[in-house]
Structure formats: C-alpha cells, structure tokens
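Trainee: I have just opened this one and would like to go through it slowly. Could you walk me through it?

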Amino acid sequence: MASLTIRNLDESAKQMLRERAARNGRSMEEEMRSILAGLEAGPDTLASGSRTAPVPLAPSAAERQTLAGKRILLIISGGIAAYKSLDLIRRLRERGAQVRPLMTAAAQEFVTPLAVGALAADHVYTDLFSREDEQDVGHIRLARDCDLICVAPATADLMAKMANGMANDLASTVLLATTQPVLIAPAMNPAMWAHKATRRNVETLGRDGIHFIGPMAGEMAESGEAGKGRMAEPLQIVAGIEALLDNSPRPLAGRRAIVTSGPTHEPIDPVRYIANRSSGKQGHAIAGALARLGAEVTLVSGPVTIADPAGVTVIRVESAANMLEAVTAALPADIAVFVAAVADWRVATSAANKIKKKEGEGPAPLQLMENPDILKTIGHHADRPHLVVGFAAETADVVSNAQAKLARKGADFIVANDVSPATGIMGGDRNRVRIVSKDGVEDWPDLSKGEVADRLAARIAEAF
Ligand SMILES: Cc1cc2nc3c(=O)[nH]c(=O)nc-3n(C[C@H](O)[C@H](O)[C@H](O)COP(=O)(O)O)c2cc1C
C-alpha cells in the first residue's frame with residue numbers, strides 16, 4: 001500500500017482531511033489509510049468514505065446545495081439530544097451552509113466543543129465574558145452576522161429564558177440581541193414539555209415570532225420514557241431551515257395537493273400482513289417539493305420508517321381501504337399525486353385471532369380479493385382534482401402498461417418506472433422515470449428521488 005505522511009500535507013489538505021475524518025468518525029491517520037486503500041481499490045471505493053459499503057459521502061439532496069452561502073448560527077443547549085446536533089452540522093454543511101456553533105455550559109456536558117468545532121470547521125463560542133471573542137462586542141456580532149439562528153436542541157430552560165427576555169449567558173444574550181429569524185427544535189422529557197410553565201413559554205415564543213420544529217412524539221433517549229418531547233430529526237430541521245430561508249417563487253401558493261406514499265399493509269390476522277418493498281422516499285420527496293412551491297400538502301402515508309417532509313400535514317394509514325378513506329376525506333384538492341405502492345389485493349376476511357399452524361393440515365388457505373383502486377376512484381370522482389398524476393411501478397412493458405393505465409384510470413399523466421430488483425429503484429435513492437401523457441412519452445435521465453420530485457413539482461406547477 002502506498003504511504004503518505006500527514007505532517008507533509010499543506011494546511012488546506014490537512015483541514016480537508018480533518019473534516020472528512022470527523023465526518024466518518026475516524027482519526028486522521030485512519031482516514032488517510034482509508035483514502036490510500038481507496039486509491040488502490042479504484043475511484044468508486046474512494047468516494048465512499050465508508051469502512052464497508054460504498055455509500056456516497058453526501059446524499060443526493062445535498063448535491064443541490066440548497067443552503068449555499070447561508071450562515072447559520074447553531075445554538076446547542078444542554079439536553080441529551082445534543083448528540084444529534086453533530087449530525088445536523090454535517091447535514092447543513094453538506095448543503096453548502098456555513099455553521100457557526102455556540103454551546104451553553106450544559107451542552108458541553110453532553111457533547112464536546114472539540115467534536116462540534118471539528119464538524120463545523122469553525123470556532124465554538126461558549127463564553128459571554130470571553131476576552132478574545134468580546135474584543136469587538138462578539139455577542140452582538142454573533143447575533144447579527146448570520147442569516148438564521150437555529151437552537152437545537154432547545155431545552156426547557158433556554159426556552160424559559162427566551163420567553164422572559166433573560167440574557168445571563170452567551171446563548172440567551174445572543175437570542176435577545178438578534179433581529180434574524182430564529183428556529184428552535186425543542187427536546188425534553190414529555191412531562192417537561194406538557195408542564196404549564198413550558199406551555200406558557202411556547203405560547204409566548206410563538207407570539208414573539210419564534211419558529212418551532214417539533215418536538216415529535218415517540219420513544220425518548222431515556223430508557224422507558226415515551227411521549228411528545230423528542231427532538232425533530234436533523235433532516236427535518238434542515239428542511240425547516242431551508243423553508244425559512246427560501247424566498248424563491250411559490251407558483252403553487254393557494255393550491256391544495258394530496259400525495260400518497262409508501263406501501264400498504266393488508267392484514268392476514270392481528271400479527272401478519274401482506275406488504276411490499278416501497279420505502280416512501282419518492283412520495284415523501286414529492287410532497288416536500290410541492291410544499292416548497294407553496295402548495296398546502298396532505299401526505300397520506302402507508303407505514304414507512306423515513307422522516308416526515310417539512311411543511312406538510314401527514315396522515316398515517318395502514319391498508320389500501322384506510323388510504324382511500326383518508327384521500328377522499330382530504331378532498332377537495334387541486335392536485336393529487338398517487339405515488340403509494342398500494343396492494344392490489346387483500347385477504348378477503350382477516351382472522352380475528354392469530355392463525356395457528358395445525359399439525360398435518362398444511363398451510364392455511366388465503367383467499368384474496370381486489371382492493372379499491374385509489375387512482376381510478378379519484379380520477380373519476382365528482383370532486384376530481386384539476387390535475388391527477390398516477391405512478392406505475394412495472395417490471396415489464398413499462399411504457400405500454402402506463403399508456404393503458406392513463407386512459408383506464410382517468411389520470412392526466414402517469415409517472416412510469418421500472419422497479420425490477422436489478423434497477424434498485426424500490427427502496428433506493430435514485431429513480432429513472434418516464435412521463436406518459438396523451439401528448440407522448442418523456443424519458444427523464446437517471447436522477448435522485450429528490451430531483452425527480454423537484455422536476456415533477458415544477459411540471460405540475462405548469463398546469464396552473
Ligand atoms: C442527563 C440529563 C439530561 C437532560 N436532558 C434534558 C433535555 O433533554 N431537555 C431539557 O430541557 N433539559 C434537559 N436536562 C436539564 C438541562 O441540562 C438543564 O435544565 C440545564 O440547566 C440546561 O441548561 P441550558 O439551557 O443552558 O443548556 C437534562 C439534564 C441531565 C442531567
């Protein structure tokens with residue numbers, strides 16, 4: 001294996017190596033060894049930055065540099081969720097943002113300024129009375145020299161200080177001195193979040209123009225605790241920041257859209273179900289893209305494990321019948337995009353109790369019946385949206401099947417994709433689609449699912 005001494009690298013190369021090592025959780029020496037191993041194995045492995053599978057260094061959404069040139073002051077306060085802020089820094093920087101970190105004293109009990117500074121590649125501000133930082137009234141500069149302040153996690157304590165205009169440490173002083181937009185991601189024990197004092201503070205902060213993302217409901221980092229209080233996931237916070245800083249035109253403002261996404265689960269008995277491999281990535285991305293263009297979006301999602309897109313109302317469903325019910329309830333709408341991989345069939349009568357294996361009797365027979373066709377129902381509905389878009393997931397004769405579907409289902413266009421396992425589309429991050437309409441077939445290149453979503457949303461906007 002080739003060898004290289006870190007000492008001999010110039011400063012900028014050293015800095016790049018330092019950042020890459022921090023991102024991949026390795027020492028600089030380990031990172032260098034990984035790069036050299038990658039050089040020997042070929043360029044594909046080098047790009048991965050991973051010990052095992054070749055995962056791209058930056059996800060495809062990040063390739064869009066949605067926050068290029070934006071300066072984010074990230075205030076980390078003292079909650080367990082502070083560990084997620086490390087990932088948040090990385091996600092923001094991948095999108096081109098410059099992240100200036102500020103940590104409360106309590107935050108430094110949870111994550112170290114060293115890790116935060118290495119990931120942000122910037123000085124970490126911690127002290128109101130720092131002689132170096134305050135030479136030029138640093139706290140006022142911090143409050144103003146940014147496009148947005150994000151507080152993640154925001155503790156109950158810091159929110160209480162903000163709501164009462166207190167300024168007794170660097171974080172609270174900067175938050176009082178700023179005139180820039182502030183987005184906070186609260187994270188705390190559900191009892192703290194539900195407490196009347198916190199409720200009052202949340203209300204005050206909302207009136208003061210502070211933007212919130214989360215908290216989410218779910219399991220807490222403390223074992224055995226669940227409820228509302230989990231910090232929003234880093235990508236949700238990024239999407240919230242993007243939405244606040246986005247002043248691009250909103251051609252779909254005032255339009256209502258319904259998007260379906262994910263698989264459906266069709267019960268066999270209380271513990272078993274029929275499902276498919278849909279991840280929801282494409283449908284969720286489309287819902288987010290429509291929302292970014294200003295549409296008021298209802299996302300009806302089957303069971304998925306990915307994060308909710310920012311700025312959309314999410315209705316969670318299980319089966320095709322539930323999905324149709326939720327879609328119909330969301331009408332009227334101007335736009336409907338049916339991306340969900342809805343099961344064509346369900347079990348005619350799902351058993352009330354778990355079906356038991358009986359010795360010598362062989363497998364229990366499953367009688368299937370057809371599920372409602374959501375696209376066709378809405379395509380011919382009295383309240384049909386102005387624009388109806390269907391997805392056709394095929395493994396053969398992709399275009400001819402989509403053309404037949406277009407006429408039969410009353411859609412304006414069908415987005416057809418080949419989901420044969422070899423394409424890696426189902427569950428993957430990329431998609432290659434054809435847009436089939438009465439005007440013909442458009443062949444789109446191989447794109448990330450985020451890019452497909454943006455292009456599709458732009459095309460939908462042209463219809464209004
Ligand atoms: C282990 C541990 C976990 C904590 N987690 C949280 C939390 O998630 N949210 C919160 O509001 N406070 C949490 N606290 C309490 C805060 O750390 C405490 O209120 C502190 O004063 C906050 O300071 P700061 O707002 O200046 O960062 C936790 C405390 C401990 C010891």
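Trainee: What should I know before I start reading residue numbers?

Mentor: Residues are numbered from 1 along each chain as its sequence is written. This is a predicted model, in which local features need pLDDT of at least 70 and side-chain atom pairs count only at pLDDT 80 or more, while totals for chains, interfaces and linings use all residues.

Trainee: What does the protein average in pLDDT?

Mentor: The protein averages a pLDDT of 87, and 86% of the residues score at least 70; pLDDT is the predictor's confidence in each residue, from 0 to 100. Over residues 40-62, however, pLDDT stays under 50.

Trainee: Okay, on to the ligand. Which residues come nearest to it?

Mentor: There are 15 residues around the ligand, and of these Ser77, Gly78, Gly79, Ala106 and Thr155 come nearest, where a residue is near a molecule if its C-beta atom, placed from the backbone, lies within 6 Å of it.

Trainee: And which helix gives the largest share of that shell?

Mentor: That is helix H7, residues 156-163, which supplies three residues of the shell; helices (H or I, at least four residues) and strands (E, at least two) are DSSP runs, numbered from the N terminus.

Trainee: How many residues of H7 are buried?

Mentor: Six of its eight residues are buried, so H7 is largely enclosed by the rest of the structure. A residue is buried if 20 or more other C-beta atoms lie within 10 Å of its own, exposed if 12 or fewer, and partly exposed in between, with C-beta atoms placed from the backbone. The buried residues of H7 include Leu158 and Met159, and among the elements that they pack against are strand S3 (148-154) and helix H8 (170-177). Contact here means that the C-beta atoms of two residues, placed from the backbone, lie within 7 Å.

Trainee: What comes just after H7?

Mentor: Glycine 165 sits there, with a positive phi of about 65°.

Trainee: Switching topic, what is the strand order in the five-stranded open sheet?

Mentor: The order is S2-S1-S3-S4-S5, with parallel pairing, and strands pair if DSSP finds at least two bridges between them. Strand S2 (98-103) and strand S5 (211-212) are the edge strands, each pairing on one side only. Strand S1, residues 71-76, is joined to S2 by six bridges, and isoleucine 72 stands opposite valine 99 in S2.
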